Amino acid sequence: MSFFSNVLGTIGQTPLIYLKTVSEEVGTQVFAKVEAFNPGHSAKDRIAKYMIELAEQEGRLKPGGTVIEASSGNTGYSLAMVASLKGYKTVITVPSKISKEKLNLLKAMGAMVVICPKEAAADDPESYYSRAVTLSKEIPNSCYLDQNFHPANTEAHYRTTGPEIWGQMGGRMTHFLCASGTGGTISGTSRFLKEMDPKIRIIGIDAYGSVLKKYHETNEFDKDEIYSNTLEGVGKSIIPGNTDFDVIDQYIKVGDRESALMARQLAREEGLLVGYSSGAVAAGLYKIMDAFDPDDRVVLLFSDHGSRYLSKIFDDEWMRNQGFIDSVDDEGSPSSRPEVIDENPSIRQRVLASFRELVSSTNILS
Ligand code: PMP
C-alpha cells in the first residue's frame, strides 16, 4: 500500500513546467513552478502548515483554539484546511473584492468569514488587517498568525519552495519572477536561490495601486500610490515585514487588464488554468522580454489555480463590465491577443509586436 495519512502530506513538491509558447514568444527558456498542484490549490498551503505547526510548538496555539488571519482568500482556505484536520476553528477577515469562489471555498472548508471594505486603509479599524487584530483580542484562546509580519511565512518558502526550484532547475537558472503580496513567497524562495547563486536576478511583480515598487526604489511609503484594483494577492497598501527588499533586484508594476488577458492566454496556449496573479507574473515577463538572452533560464512562480476566478477573469461578462474586452471574441483583435505562432520570422515579429502593444496599451487603462 502507498498512501498519505492525511491530505497535508501532499503539500509541496509541485511540478516545474516548461512553457513552450511563452518561451518562443519571449525568446528565452521559461519555466513555471505551478503551485495550483498543492491540495489547497495555492502556494499558501505551505505557509499554513508551517505557521500552524510553529505556533503549536511555541505554545501560541493551544488545543481547541481558533486560528485568525487576514487573507485575500488563499491563505484563509489553506489555514482552514490545516486547522480543521488539527481540530482548530478558523476566522478569516477578507477584503470585499475577493472572488465569490474564494468566499464559498472558505465557507466550504469551515472557516468563519468576516468581509471588510476593500477601500479601507490598513490603519482604518474596518480594514481586514485591523479587524483580524481586534478579533484576536476578543476571541479567547485564539492565535493571530499574521502572515504579513510573522517570519514563519518566509521561512516556509526558504525551506521548501526555494530548494524545490533549485533542484528542479538542476542548479542552473538566471531569473526568478514572483508576485509580491506579503512577500513571503518571493523573499523566502529568493533568499535560498541567492544563497545558491547570487547572480540570479529576482524580479518582484507589483500592482498599479500598490506602494511596494516605489518603496523599494526610494525608501518612501507614498500613500498617493494606493488605489483599489481588481488583482488579488498582489499589490499592497502596507509594507509587510515579510518582504525582504534586499533580495529583490527589481519590481515591475502590472495592471488589472493585462494580467487578466495573460491568465486567459496561459489557459489557451499552455493548457494551464492559473490564477489572476499568475497572469500578472506572465505580464511582467513580457514587459521585460528585451532583457533576456536566448540561453537564459527563467522561472515564474504561479501562485494559485484559475478555478478561483471563474466569476472574474474567466467570465466574459465580468471582463466586459470591467472594460477589459469589448466582445466575447475580442481576444482575437490585434491589440489584445497575439496571432498564432509560426516558425516564419515575420509572423514571429508580428507576435512580439502585438504583445508589446498589449502591454503598453493596457498600462494606461488599468
Ligand atoms: N498570488 C495570490 C493569488 C495570493 O493569494 C498571494 C498571497 N496574498 C500572492 C500571489 C502573493 O504571495 P505572498 O503573500 O507570499 O507575497
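How far is an oxygen atom of the ligand from a polar backbone atom of glycine 183? The distance is 2.8 Å. This is a predicted model, and the report below starts with the ligand.

## Around the ligand

There are 16 residues around the ligand. Those that come nearest are Lys44, Gly181, Thr182, Thr185 and Ser277.

For serine 277, a polar side-chain atom lies 2.6 Å from a nitrogen atom of the ligand. For serine 303, the distance from a polar side-chain atom to a nitrogen atom of the ligand is 3.4 Å. Glycine 183 takes part through its backbone instead, where a polar atom is 2.8 Å from a ligand oxygen.

## The second largest pocket

Now look at the second largest pocket. Its volume is about 160 Å³. Which residues line the second largest pocket? They are Leu8, Ile11, Gly12, Asp45, Arg46, Lys49, Tyr50, Glu53, Ala156, Thr160 and Glu164. By class, 5 are charged, 4 are nonpolar and 2 are polar.

Helix H2 spans residues 44–57. With 5 residues, H2 provides the largest share of this pocket's lining.

## The cavity

A search of the whole structure turns up 1 cavity of 30 Å³ or more. The largest cavity holds about 40 Å³ of space. Its lining is made of Val22, Met262, Gln265, Leu266, Glu269, Glu270, Ala282 and Tyr286.

Which helix gives the most to this lining? It is H10, with 5 residues. Helix H10 covers 256–270 and helix H11 covers 276–287, and each supplies at least two of the lining residues. Sorted by class, the lining has 5 nonpolar residues, 2 charged and 1 polar.

## Two residues with positive phi

Asparagine 141 is not a glycine, yet its phi is positive, at about 50°. Where is asparagine 141 found? Look in the loop between helix H5 (128–138) and strand E6 (142–144). Asparagine 141 has a relative accessible area of 37%, so it counts as partly exposed.

Aspartate 146 also has a positive phi, of about 60°, and is not a glycine either. Aspartate 146 sits in the loop between E6 and helix H6 (152–159).

## A glycine beside asparagine 141

Glycine 65 and asparagine 141 are 76 residues apart along the chain. Glycine 65 belongs to the loop between H2 and strand E3 (66–70).

Is glycine 65 buried or exposed? Glycine 65 is buried, because its relative accessible area is 0% and the cut-off for buried is under 20%. Asparagine 141, at 37%, is partly exposed.

## A buried threonine

Threonine 93 lies in strand E4, which runs over residues 89–95. Threonine 93 has 0% relative accessibility, so it counts as buried.

What lies 2.7 Å from a polar atom of the threonine 93 side chain? It is the backbone oxygen of tyrosine 128.

Conventions: Residues numbered from 1 in each chain as written. Predicted model: local features only at pLDDT ≥ 70, side-chain atom pairs only at ≥ 80, totals over all residues. Heavy atoms only, no water. 1 Å grid on protein atoms, 1.4 Å probe; cavity = no way out; pocket = protein on both sides within 12 Å on 5 of 7 lines; lining within 4 Å. Points joined across faces, edges and corners; volume = space filled by probe spheres on them. Helix = DSSP H or I, 4+ residues; strand = E, 2+ residues; numbered from the N terminus. Nonpolar A, V, L, I, M, F, W, Y, C, P; charged D, E, K, R; others polar. Buried < 20%, exposed > 50% of the residue type's maximum accessible area, 1.4 Å probe, protein only. Near = heavy atom within 4 Å. Polar contact = N/O pair within 3.5 Å; in protein donor to acceptor, adjacent residues only side chain to side chain.
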